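Subject: Structure handover

Hello,

Here is the structure I promised you. My notes follow below it.

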Amino acid sequence: MRAWNLLYVPLVCYVLAVSVLPLLFLILTAFTENDMSGAISWDFTLANFGELFYDRFYIERMFYTIGLVMMVTLITLVIAVPVTLAIAQLGYFWRTVWLVGLFSSLALSEVLTVYAWQLMLAQSSGIPGWLQALGLIEVTESWWPSFPAMTVVLVYFTSPVAVIVLFSPISRLDPSLAESARTMGYGPATIFLRIILPAIQEPLVRTGLLCFMLNIGSFVISQQMGRPSDWMISVFIADFMSSFSIPLAGSMALMLLASVLVCLGAIFFMVRPKAVAA
Amino acid sequence: MKKLLQILGLGAFALFLYMPIFVVSGSSLNSSRQMVFPPEDPGFTWYIAFFNDPAWVSALTTSIVIAVCSSFIATTLATVVAYLLWRRQSRLHEYLYRAVLTPFLLPGIVFAVSLSFVIAALGIMGTKLAIIIGHAAVIIAIPLVTINLGFSLVSKEQIEAARTMGVREFQLLPMVLVPMIRPYVLTGALFALIISMNEYVVAFLLSGFSVETLPIKVYNSQRYGFTPTLSVGTVLYMTFSLVVFTILAMTGRLYSLLGIEEKRH
Amino acid sequence: MSALQVDNVEVTIGDHAILQCVNLQVAPGEFVSLLGPSGCGKTTLLRSIAGLQSVSAGAISAYGEDITTMPTEKREFGMVFQSLALFSHLNLLDNVTFPLRRFGLSKVERNRKGEALLEKVHLGGLGKRSISQISGGQAQRVALARALAQEPRVLLLDEPFSALDAQLREELRTEVRVIQKELKLPVIMVTHDQDEALTVSDKVGVMNAGRIEQYGSPDELYSTPTSAFVADFIGQRNHLCCSLKNGVLTELDSERKVTCRGLSSREQHQDGVYDLFFEPDAVTRDGELEAELLFHKKVGRQQQCCARRGDQIIWIENIWPDLPDQASLKFGLDLSLCHLFPKLG
């Protein structure tokens with residue numbers, strides 16, 4: 001048994017290196033002038049935040065980002081729930097085909113996804129081009145970058161994830177719940193709203209949170225498919241990193257993290273009372 | 001009626017998911033530099049060009065090397081964590097489990113930025129090692145979930161039955177546990193590998209302009225206009241994923257990625 | 001020398017005394033059942049015998065050798081668990097031959113023995129199937145074959161048939177008994193199904209609250225229960241509280257006379273309050289006891305009535321000709337077919 005205890009050494013080193021230190025350094029860069037290229041100074045200051053909050057631009061961007069990602073998450077869930085319900089009712093073969101397709105789609109890099117959509121929405125080679133060739137519409141430019149394009153690709157990116165995560169709880173739903181409701185005379189809409197949705201409310205919240213976290217942490221889709229006025233705050237963080245404005249990047253990343261935690265906290269407070277009352 | 005709606009709905013969703021892939025695949029078969037769909041004069045010209053271009057081959061190789069290493073590290077660590085958690089269930093181990101999962105749970109850009117500070121402080125910015133560490137930290141969640149599932153399916157009674165059959169304490173691991181969790185380890189490792197190959201944000205921030213994985217190269221190349229070589233990369237990656245997941249499906253291991261043990265109906 | 005001996009064993013977990021002062025002796029080749037309601041400690045006793053549960057006091061020995069502190073791995077007891085605990089990653093044959101791995105046999109030898117065992121449990125030729133492809137009854141047989149593979153000195157069964165339907169239960173328990181007799185293997189089986197225990201066992205131990213209330217042959221338990229608990233548990237018996245005064249037995253609540261025959265038989269009872277247990281066929285036509293008929297049970301020659309007495313449901317033999325669907329019944333009891341126990345407390 002003693003031998004097993006040796007395993008804790010590399011484990012703890014690993015956890016310190018990738019879970020603890022990064023957060024500490026984040027706080028350090030946010031509250032100091034360090035740019036992580038020389039000696040570390042320990043002069044804590046709020047100068048970085050002063051720069052960020054100088055005008056309301058970044059604050060507005062933060063609210064915009066959170067609102068946008070919430071909307072995308074909602075759309076994703078609205079699509080994912082019926083899709084997952086339908087897939088769960090398929091036979092073994094088709095269910096497996098769907099899962100293979102979903103996993104492969106989910107695994108695809110956001111860079112490659114963005115590239116694929118840029119082709120699809122391009123004036124010459126994509127959908128606009130075909131519609132023009134069919135004489136249906138006149139196109140003067142590609143459909144990207146634009147707000148709808150960005151939103152569509154954001155939904156595209158997280159919907160396979162949502163379906164996969166919802167697959168397990170939905171396929172575990174007891175069919176006799178819906179069946180007993182039918183014997184009592186209820187129709188499919190009522191059954192869906194009153195029986196199925198409440199039964200999966202906890203997995204739904206979990207899935208929503210996962211999609212929220214996934215989208216809020218990526219910048220490629222927003223940067224490539226949206227115009228600068230559509231950019232999420234993560235794009236600016238990446239930008240600061242590329243231009244070596246380390247302290248600003250650190251403070252903005254910390255701000256993003258803090259906002260996300262506040263949102264999570266708010267959601268927990270909203271969901272907990274329901275769970276307790278139920 | 002309901003069935004028809006369901007089939008139509010699923011069809012629409014499938015179209016939505018795979019239409020872009022289809023378009024990209026088609027464009028990769030163009031013979032000229034034009035990115036037209038349907039492809040004019042289809043052929044494998046650009047596939048040959050891709051494999052003849054040392055920059056692209058290097059990017060692909062770099063991605064694969066990083067993926068194999070990070071997946072190996074992540075899977076090994078995940079096995080250890082999962083085993084310790086199963087063996088000695090305690091609060092402390094739960095905290096360890098959550099600490100290991102933290103990088104995955106953070107918003108991607110936040111973790112990548114924070115980790116880059118640590119990497120810079122360690123002086124290994126811009127190396128393959130840095131990206132391997134970064135990827136391992138994020139993808140470890142995957143084998144952790146699958147191997148945890150594997151361990152959870154080992155019942156106390158199976159261990160007790162083995163003991164009644166004369167299996168000694170030190171034989172339990174090799175004779176009983178390893179065969180039982182091996183498939184879950186492999187499944188987790190493969191999925192982690194694929195995610196690492198495709199990962200962009202962490203790789204981008206830790207690459208320091210000296211390391212180029214395939215996603216990084218695709219991103220950088222986009223500003224120079226599209227060529228079918230970009231599509232070739234996409235098609236290669238997509239095909240690899242489809243093949244791996246199909247193999248996992250055929251060996252019945254796919255469902256363990258969902259965290260469920262599924263019986264064939 | 002007994003195959004297995006349990007002497008004054010106590011098992012305490014935390015503050016709870018799960019087993020108190022348990023004594024048991026199993027002769028070689030004997031089939032013993034441990035019977036009792038949930039929570040009576042029968043599974044704990046079995047697990048203590050297997051070595052999976054440590055005992056707080058007392059001793060366990062097998063064939064004269066003290067095994068109280070011997071680890072499970074060395075005891076050479078085969079065990080079938082309630083959940084079967086089959087290895088889902090191995091096929092049937094590999095499951096059955098798993099215990100043989102430590103004997104240094106070649107793979108061919110192991111497989112040969114495994115095939116023979118599968119034949120014995122009527123699963124011959126199915127060795128290559130995987131666990132997910134077999135039925136509940138087949139899985140049971142695999143678990144049994146696996147437990148027998150190491151040629152154990154004692155076989156332990158923990159509610160082995162609880163997950164099976166009635167017909168399969170009967171089939172399998174008969175098969176187990178046949179194999180057991182063939183191999184002359186001592187078996188200890190835990191069950192809550194008294195029919196099962198009484199059918200296949202040489203001896204049955206009825207357990208209650210951590211103790212063995214009575215240990216004897218099925219017939220002994222049935223005909224001469226030594227406590228109210230055993231009398232109630234074994235057989236399909238109805239219960240009556242009554243008081244004996246000056247040789248007259250009356251029901252406690254209604255003051256009606258219980259019987260008019262058989263009182264002065266066998267034992268002498270003192271005046272006092274008693275628990276009376278009677279079988280359905282102990283009823284007689286003449287008597288003062290009343291019940292309200294609920295419904296009949298007519299299956300072949302079995303004719304019974306389900307009746308209500310106050311808030312109690314009783315089953316009695318239909319001794320009345322042409323009984324309508326609703327009736328008030330009056331009956332007495334033949335005491336020679338009843339069991340009386342002084343009420344405690």
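I start with chain C. Among its contacts between residues at least 6 apart in sequence, 66% join residues at least 24 apart. Two residues are in contact if their C-beta atoms, placed from the backbone, lie within 7 Å.

Before the rest, two notes on the source. This is a predicted model: local features need pLDDT of at least 70, side-chain atom pairs count only at pLDDT 80 or more, and totals for chains, interfaces and linings use all residues. Residues are numbered from 1 along each chain as its sequence is written, while chains are lettered from A and ligands numbered from 1 in the order in which they are written.

More on chain C. It has 9 helices and 18 strands. Helices (H or I, at least four residues) and strands (E, at least two) are DSSP runs, numbered from the N terminus. Along the principal axes, the C-alpha atoms of chain C fill a box of roughly 75 × 45 × 35 Å. Chain C has 345 residues, and 40% of them count as buried. Buried here requires 20 or more other C-beta atoms within 10 Å of the residue's own, with C-beta atoms placed from the backbone.

Next, chain B against chain C. Chain B puts 14 residues into this contact and chain C puts in 17. On the chain B side, helix 8 (156–164) and helix 9 (172–198) each supply at least two residues. Helix 8 of chain B gives the largest share, 6 residues. By class, this side of chain B has 5 nonpolar, 4 polar and 5 charged residues. Ala, Val, Leu, Ile, Met, Phe, Trp, Tyr, Cys and Pro count as nonpolar; Asp, Glu, Lys and Arg count as charged; the others, Gly among them, count as polar.

Now chain A against chain B. The contact takes 60 residues from chain A and 65 residues from chain B. Several helices of chain A each supply at least two residues to its side, including helix 4 (57–88) and helix 14 (246–277). Helix 2 of chain A gives the most, with 12 residues. The chain A side divides into 44 nonpolar, 15 polar and 1 charged.

Last, chain A itself. It is divided into domain 1 (1–45) and domain 2 (55–277). Those bounds come from an automatic or database domain assignment. The C-alpha centres of the two domains lie 32 Å apart. Their contact takes 8 residues from domain 1 and 7 residues from domain 2. The domain 1 side has 4 nonpolar, 2 polar and 2 charged residues.

Best wishes

Note on methods. A residue is buried if 20 or more other C-beta atoms lie within 10 Å of its own, exposed if 12 or fewer, and partly exposed in between; C-beta atoms are placed from the backbone.
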